[in-house]
Amino acid sequence: MATDPAYRTADPDDFAAMIEPGRYARRSSDFEEIIARTEEHFWNPEDRDYVDFSAPWSGDDTIVPFWFVLENNTAVWDRLDEGQRIALTNESARWSVSNILHGEQGALSLSASLCDIFLDPGAQEYAANQVREEARHVHGFTRYVAARFGGATFPVGDTIGALLKELVATPVVYKKIVGMQMLVEGLAMGAFTTLHKVARDPLLRRLCQLVMTDEAFHHKFGKIWAHATVPGLSETEHAAVEDWALECFNLLLFNLVNSQQKRLIYPRFGLDWEWVRGAVLEAFTDADRRAQMRESTNVFRTLVRTLLGAGIITERTRSHYAAWVDMDALSAEKDRFLRLAADFDNFRKRVAQESERRAAVQKKAFILELLPIIDNLERALGSGQSASREQLLQGVEMTLQQLDRLLRAHGVEPEESVGQPFDPRYHEAVASRYEPSQPDHVILETFQRGYRYNGESFRPAKVVVNDLSKPETSDSAE
Ligand SMILES: [Fe+2]
Ligand SMILES: [Fe+2]
């Protein structure tokens, strides 16, 4: 049952609630700004001006640094030669990128399911935009896996797989929204921020930067939504949300990246995942984990800050997180996401060049069409000596018709104003006259013809208007 007034949602099957006539106007203005800015961060994985998936990369280098890999500085490392270390690092990167790809699909399916249940048309329009952007991320990471790993995507890790499955399927609205907008988005932002900073492959850094530019807005949606919703929750509802957030946090903290999750990558190195787990546990203590979380870019740190900012963490659960992060330092940190916007300069430059080029082509084509008219006028002048005045007039008349046809073909229409009622959209009154035989406000004379372009006034006609109110001002032209 997704009908939940606390979150202004309806059951996904309750289409009647969606088309209830009064609903459309019950649109909050909370999301207008992020909806309006959608176009601003548009990018296209197929467009090399944004990201070039054909950029080469040598398999001898690692996509992420050694230290980024769990097994680095453990007994595992000692068992591998340099080539194997590089290969294991790249397999770990493939594993991470594969799970990011699954996460993006989860975000796509989840935001689509939110789109189905939001009663606030503003939230719904936002969710529809998010669906479109998550689809772009799925596309982008699919291209990345193809470019760097020959298209070999690992199956989803058990932990993230189970969480995504639950979030997509659950009819419980807070689980869906908190899980999605706080946890998945928070985790994603953390992962992208880290990879953008440390990845050695410039293509991965660029992709993360572009994806982050969108994610910053998803993250912002979570914040706006939480500010609008969380303070209105009852104590029981808040507790349910808070507990759910902690449950997910713990699940992710202890299971997101561990040897069991990554077990598919070890056999080719002659390693057994349980042995790897033992080696990692031996080398990696809780103190190390805490030290890692102090790194401002750490994935979980971002996640906790998200929950904190949304007002989801209260004194009830604060101590659980405080075991891992310095909560006071975290609260003081500023949200930098919106400032990480990708530079869209190249694309903007290309669009500007393209429209300049198109304008030049159109201008040239129009000038080419004008040239035969000039030819005709020159011919008429050339024959001026021998031609009669009548022939000359006829020639000019025909040239004028030719020009008229050309303008009409380009959407320019001359106006017939005389006898028409005065309309300030198309006419400019330069004088008025008293003409009792004609209706009031009718155009009596045109000083200069008006033109319309594609139906709209292009140049207003200068006209004399009938004014029956003032017989004495007859012929008051300036
Ligand atoms: Fe995404
Ligand atoms: Fe997202």
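**Briefing on a three-domain chain**

His-441 is partly exposed, because 16 other C-beta atoms lie within 10 Å of its own. This residue belongs to a predicted model. The chain is divided into domain 1 (5-343), domain 2 (351-410) and domain 3 (427-473). Its mean pLDDT is 86.

**Overall layout**

- The secondary structure comes to 16 helices and six strands.
- The chain is more spread out than a compact globule, because its radius of gyration is 34 Å, well over the 23 Å that the globule rule gives for 478 residues.
- Taken along the principal axes, the C-alpha atoms fill a box of roughly 110 × 55 × 40 Å.
- Domain 2 and domain 3 have C-alpha centres that lie 30 Å apart.
- Of the 478 residues in the chain, 32% are buried.

**Confidence**

- A pLDDT of 70 or more is reached by 92% of the residues.
- Helix H5 (residues 121-149) has the highest confidence, at a mean of 96.
- Helix H11 (residues 286-294) has the lowest, at a mean of 69.
- Where pLDDT is low, predicted coordinates should not be read in detail.

- Helix H7 covers residues 173-198, which is 26 residues.
- At 1.5 Å a residue, H7 should span 38 Å, and its end C-alpha atoms are 36 Å apart, so the two values agree.
- H7 has a kink of about 35°, and that kink is centred on Gly-179.
- H7 is mostly covered, with 24 of its 26 residues buried.
- Trp-244 sits in helix H9 (residues 235-255).
- Which residues does Trp-244 touch, not counting residues up to four places away in sequence? They are Tyr-174, Lys-175 and Val-178.
- Trp-244 counts as partly exposed, because 19 other C-beta atoms lie within 10 Å and a buried residue needs 20 or more.
- Arg-136 is 108 residues from Trp-244 along the chain, and their C-alpha atoms are separated by 29 Å.

**Helix H16 and the residue after its end**

- Helix H16 (residues 389-409) has 21 residues.
- At 1.5 Å a residue, H16 should span 30 Å; its end C-alpha atoms are 30 Å apart, so expectation and model agree.
- Gly-411 follows H16 and has a positive phi, near 90°.

- Asn-73 is a residue other than glycine, yet its phi is positive, near 60°.
- Asn-73 lies in the loop between helix H2 (32-36) and helix H3 (75-79).
- Is Asn-73 partly exposed or buried? It counts as partly exposed, because it has 15 C-beta neighbours inside 10 Å.
- His-441 is not a glycine either, and has a positive phi of about 60°.
- The loop that holds His-441 runs between strand E2 (427-433) and strand E3 (443-448).

- Gly-278 is in helix H10 (residues 273-283).
- Gly-278 is partly exposed, because 15 other C-beta atoms lie within 10 Å.
- How many residues apart in sequence are Gly-278 and Thr-74? They are 204 residues apart in sequence, and 9.8 Å apart in space, C-alpha to C-alpha.

**Ser-29**

- Ser-29 lies in the loop between helix H1 (15-18) and H2.
- Ser-29 is exposed, because it has 7 other C-beta atoms within 10 Å and the exposed class takes 12 or fewer.
- Ser-29 and Arg-132 are 103 residues apart along the chain, and their C-alpha atoms are separated by 21 Å.

Conventions:
Residues are numbered from 1 along each chain as its sequence is written. Chains are lettered from A and ligands numbered from 1 in the order in which they are written. This is a predicted model: local features need pLDDT of at least 70, side-chain atom pairs count only at pLDDT 80 or more; totals for chains, interfaces and linings use all residues. Domain bounds come from an automatic or database domain assignment. Helices (H or I, at least four residues) and strands (E, at least two) are DSSP runs, numbered from the N terminus. The radius of gyration is taken over C-alpha atoms; the globule rule is 2.2 Å times the number of residues to the power 0.38. The expected span of a helix is 1.5 Å times one less than its number of residues. The bend at a residue is the angle between axes fitted to the seven residues ending there and the seven starting there. Two residues are in contact if their C-beta atoms, placed from the backbone, lie within 7 Å. pLDDT is the predictor's confidence in each residue, from 0 to 100.
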